[in-house]
Amino acid sequence: MTTSFPETKTGLRFGLASLATTACLAAILAASLPVRAQDNPVLAKVNGVEIRQSDVALAEEELGPSLAQMDPATKKDNVLAFLIDLKIVAKAAEDKKVENSEDFKKRLAFTRSRLLMDSLLASEGKAATTDEAMKKVYEEAAKQITGEMEVHARHILVETEDEAKAIAEELKKGGDFAELAKKKSKDPGASDGGDLGFFTKEQMVPEFSAVAFTLEPGKISDPVKSQFGWHLIKVEEKRARKAPDFEQVKAQIETYVTRKAQAEYVAKLREAAKVERMDKPAEAAKTDAKPDAAKPADSKMAPAKK
């Protein structure tokens, strides 16, 4: 029976050299994990070499997306089968002295450097992500959000002005806006009666916002042209925007603070390093190398839902 190897996070299948490299790195990482033997049972042995629960956990993390659709039992079985094949093929690679090839040495050195980088940046990010730092980011963003006006509206989108005018006449005769949106709008949200939820001016094209934010709740616009076609807009409600609770956006803020700290740390190290780019003039290389530390992640908080 032929066993197919699961794909890695990059979507690439393991080559022979990569298998041996992964085996070495897995052993290094597994050895550094403070796991008690009773919490880390042996799940299989390959020619006397143990495969433990911690090895399976590490492989699951690496294989990621290719396991997403599997139930836990199937996932564990597939990962364990993969690790068994990994040990077998890695041993065969060792017997053939694959690790002595220049290609393998280069790949191993690159992978080691990447792991060192990932580990250090993870540590820096974790150290920066304190409750105090996250609360500060939240409070600054909340100040910008609070009080901004937002509108809850529906719309019907059609190709031509004549179509829009015809629907407008139906609405004047008492037609239900949501039902007409379901039947005649070409917008992807037509099935929801054209409901757009709450939005701010900046979240819509200018032509649309200009009308939506001047209409009173319950009113319907005349046909409005935008780059998408012709709209009829019905405003359901207006309100001053409120910042969501901290807990609602804590995960977003944590990601932002982590990435910002990592970007700033890399920029600091790069500033102190002597970097020479042979493919570009010195000044251009120095400018191009700097990351945008101010925008490591989207810090915009989603509006609170009604």
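Analyst: What follows takes each feature in turn, with the general idea before the case.
This is a predicted model, in which local features need pLDDT of at least 70 and side-chain atom pairs count only at pLDDT 80 or more, while totals for chains, interfaces and linings use all residues. Residues are numbered from 1 along each chain as its sequence is written, and side-chain values use heavy atoms, with hydrogens and water left out.

User: What does the secondary structure of the chain come to?

Analyst: Helices (H or I, at least four residues) and strands (E, at least two) are DSSP runs, numbered from the N terminus. In this chain there are ten helices and six strands.

User: How many of the residues in the chain are buried, as a percentage?

Analyst: A residue is called buried under 20% relative accessible area, exposed over 50% and partly exposed in between, with a 1.4 Å probe and protein chains only. By that rule, buried residues make up 32% of the 306 residues here.

User: How should I read two packed helices, and what is the case for helix 4 and helix 9?

Analyst: Two packed helices are described by the angle between their axes and the distance between the axes. The axes are lines fitted to C-alpha atoms, for helices over the stretch in contact, and the angles run from 0 to 180 degrees between N-to-C directions. Helix 4 (residues 102-128) and helix 9 (residues 246-272) pack at about 125°, with their axes 8 Å apart. Angles under 35 degrees count as roughly parallel, over 145 as roughly antiparallel, 65 to 115 as roughly perpendicular and the rest as oblique, and helix 4 and helix 9 are therefore oblique to each other. Contact means heavy atoms within 4.5 Å; among the residues that make this one are Leu-121 and Gly-125 of helix 4 and Ala-261 and Tyr-265 of helix 9.

User: Which orientation do helix 6 and helix 7 have?

Analyst: The axes of helix 6 (residues 161-172) and helix 7 (residues 177-184) come within 10 Å and cross at roughly 150°, and the two helices are therefore roughly antiparallel to each other. Ile-167, Glu-170 and Leu-171 of helix 6 meet Phe-177, Leu-180 and Lys-184 of helix 7 in this contact.

User: Which residues make up the largest nonpolar core?

Analyst: In soluble globular proteins, nonpolar side chains tend to be buried together. A nonpolar core is a set of buried Ala, Val, Leu, Ile, Met, Phe, Trp, Tyr and Cys residues joined through side-chain atoms within 4.5 Å. The largest one here has twelve residues, including Ala-44, Val-56, Leu-63, Phe-82 and Leu-86. Strand 1 (42-46), helix 2 and helix 3 (72-95) each supply at least two residues of this core, and helix 3 gives the most, with five. Val-56, one of the buried residues in helix 2 (residues 53-63), touches Leu-43, Val-79, Leu-80 and Leu-83, not counting residues up to four places away in sequence. Helix 2 is followed by Gly-64, whose phi is positive, near 40°.

User: Is Ser-209 buried or exposed, and where is Ser-221?

Analyst: Ser-209 lies in helix 8 (residues 206-212) and is buried, with a relative accessible area of 5%. Leaving out residues up to four places away in sequence, Ser-209 touches Thr-200, Lys-201 and Met-204. Ser-221 sits in the loop between helix 8 and strand 5 (224-226) and is buried, with a relative accessible area of 7%. Ser-221 and Lys-234 are 13 residues apart in sequence and 6.5 Å apart in space, C-alpha to C-alpha.
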